[in-house]
Amino acid sequence: MPDREIDRLRQRVAQLEAEQDRLLDEHRSFVDSLYRARRRDSALLDLNERIGKLEAPREIMKAAAELVGERLGVDRAGYAEIDEQEGLYDIVVCWSGALPPITGALAMEAIGAPTLRLFRAGRTLVVADGRADPASPPVWRDIGARAAISVPLVRDGRFEASLFVHQAAPRTWTQEEIELLQEIAARTWEAVKRARAEAAHARVEAQLRQAQKMEALGHLTGGIAHDFNNLLMAILGNLEILDRRLDQGRVDVRRQAANAMHAVKRAAALTQRLLTFARSHPLEAESVALAPLIDEMRPIIAATVGASIAVEVDLADDLTSVWCDPHQLESALLNLVINARDAMPEGGRLRLAARNLTLDAAAAATLSGGVPGDYVRLSVTDSGVGMPSEVSSQAFDPFFTTKPRGQGAGLGLSILYSFVRQSRGFVELRSEVGAGTEVALLLRRAPTAGVGAPSPKEPEAATAGRGETIMVVEDEDLVRQVIVETLREQGYDCVEVESAQQALGLERSGAAFDLLLTDIGLPGRTDGRELARRIRLNRPRLPVLFISGHDVTTPPGAREAGESPVVYLPKPFEMTRLARKVREVLDAA
């Protein structure tokens, strides 16, 4: 082969080898960049996972500093916050490896003017060996940092913070490490700023809620004070008439006693509605026959609306019973009647109607939170002024009222709504300006729903005592006296106690009693629940009847093995109801 051809082939081989080397270099560079990108993405993903659920700014910075220390293998990492006004470089978070941790504030002058100019310009300071680099701040040598990176965080021209890493020995930092630190610093500071903004927003919201609460409290106290003053006036006036007539030897006092009793019941209902609204008053659900209940309420309804309003009652013949608290249902109906009356200042027509209703899935979907099932639809309709949509949309909101200040607390419909929902029912409201309003309660049918008259009243003999002894623990003298007098009239023996300490002393002395009847809210450290628990340690079969008008959380009613029942009776209550409940508890023991 000629020499010229051999030279040509050699040149070609050299070209191919050079091309191969170039391709290998490109491949190595690509693989290296891919590896760096994967390491960067892995570190940032790890950062997001660590700080994603954190809410406290310092915890966010601490998690980021730990990640930097682990990923870069540095000897120390942390965050400093800058107070330009006070001239302080405040190290708030520090993760440490080989170097000891540092905290506290440094005077910014200690960093040096050249470094501060660099930071304020948003430029990262990178030092490979502080002893050989004049840009190294002198303070770094004092804290053992030979190599370091400091990433300033500048927002809107303000130097706000810095992420720093320190190494005890000289270190040549890679561009990849510098860029990763810059990215981590930026992401972490955004998370810190967001957390602080959310915390500030939460504080403002809390302040707003507190202000709204105080405003609502003003509306509430004004409305409740107005209602209670009227009720107290009725009680006081009728009792004065009753007392005066008894002094005169007259016995025609039944009407005054009935009026005072009616006012007391209304006051009790008002208190219970407030407790129901707060969802702290336990509902005593039972099967309620609507027709007898409405018949009993007719005189009250007629007296409430006055002669200028015609009352119509339309109850279906096959009306079934409902499952709810009868006292709360009476209060709800009376509230709707009062609202209807107020909507008809010139008189009009009030219609009470009830019919059975079965909701299928499609019908239930039209109600907020509706559930298919069997209900009774009880509605109150008036021919009054009606409500515009902006009013009807807020009708069930707590404290919302269109009445003048002091003439209503704005709780009536919200309490009604709460009661119906707790009874697993629903409320419908339809209103049109000039065409009246209809409010319908969809109440669950009773489990053993049926048509018919109400259950016959228990005979008086069912409440009579059989010589049992009852320990009555009540710190209010007037209340304790009337309870004890009632129970003694029923044939019970009573032991009167006004504190838990006295009751425990009697129990330790071996005093015999068959029932513990105690208020829950007793003075001192031992309340009624704790009293019952301690007594039942020695007498597990002792039945307990709790009474209370303040702490109304229902005590556990389930029996433990060998124990007698625990029952709750909310104040205020009629003495006949107390006598029946005492008899029931003793018979169940």
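Visitor: Where is the place of Asp156?
Guide: In this predicted model, residues are numbered from 1 along each chain as its sequence is written, local features need pLDDT of at least 70, side-chain atom pairs count only at pLDDT 80 or more, and totals for chains, interfaces and linings use all residues. Side-chain values use heavy atoms, with hydrogens and water left out. Helices (H or I, at least four residues) and strands (E, at least two) are DSSP runs numbered from the N terminus. Among these elements, the place of Asp156 is in the loop between E5 and E6.

Visitor: Is Asp156 buried or exposed?
Guide: Asp156 has a positive phi of about 55° although it is not a glycine. Most residues other than glycine have a negative phi. As for burial, a residue under 20% relative accessible area is buried, one over 50% is exposed, and one in between is partly exposed (1.4 Å probe, protein chains only). Because its relative accessibility is 82%, Asp156 counts as exposed.

Visitor: What positive phi does Arg424 have?
Guide: Arg424 lies in the loop between helix H11 (412-422) and E12, and with a relative accessible area of 55% this residue is exposed. Although Arg424 is not a glycine, its phi is positive, at about 65°.

Visitor: Which residues is Ala186 in contact with, leaving aside its neighbours within four places in sequence?
Guide: Ala186 is found in helix H5 and is partly exposed, with a relative accessible area of 28%. Its C-alpha lies 9.1 Å from that of Val151, which is 35 residues away in sequence. Counting contact as heavy atoms within 4.5 Å, and leaving aside neighbours within four places in sequence, Ala186 is in contact with Leu153 and Arg155.

Visitor: Which strands stand at the edges, each with a single partner strand?
Guide: Two strands pair if DSSP finds at least two bridges between them, and an open sheet of 5 strands has the order E8-E10-E11-E13-E12, with mixed pairing. The strands at its edges each have a single partner, so one side of each is left without a neighbour in the sheet; they are E8 (309-315) and E12 (426-432).

Visitor: Which residue in E13 does Val376 stand opposite?
Guide: Strand E11 (residues 373-382) and strand E13 (residues 436-444) run antiparallel and are joined by 8 bridges. In E13, the residue opposite Val376 is Leu443.

Visitor: At what angle does helix H7 run to E8?
Guide: Axes are lines fitted to C-alpha atoms, for helices over the stretch in contact, and angles run from 0 to 180 degrees between N-to-C directions. Helix H7 (residues 290-305) lies across E8, strand E10 (348-359) and E11, and its angle to E8 is about 175°.

Visitor: How many disulfides does the structure hold?
Guide: A disulfide is taken as a pair of cysteine sulfur atoms within 2.5 Å. Cys94 counts as partly exposed at 22% relative accessibility, whereas Cys324 is buried, with a relative accessible area of 0%. The number of disulfides in the structure is 0.

Visitor: How far apart are the end C-alpha atoms of helix H15?
Guide: In H15, the buried residues include Arg577, Leu578, Val582 and Leu586, and what covers the buried residues of this helix includes helix H8 (326-342) and helix H12 (477-489). The expected span of a helix is 1.5 Å times one less than its number of residues. The 14 residues of H15 (residues 575-588) should therefore span 20 Å, and this agrees with the separation of its end C-alpha atoms, which is 20 Å.

Visitor: Which residues does Gln501 touch, not counting residues up to four places away in sequence?
Guide: Gln501 lies in helix H13 (residues 500-508) and counts as partly exposed at 42% relative accessibility. The C-alpha atoms of Gln501 and Pro523, which are 22 residues apart along the chain, are separated by 9.7 Å. Not counting residues up to four places away in sequence, Gln501 touches Pro523 and Thr526.
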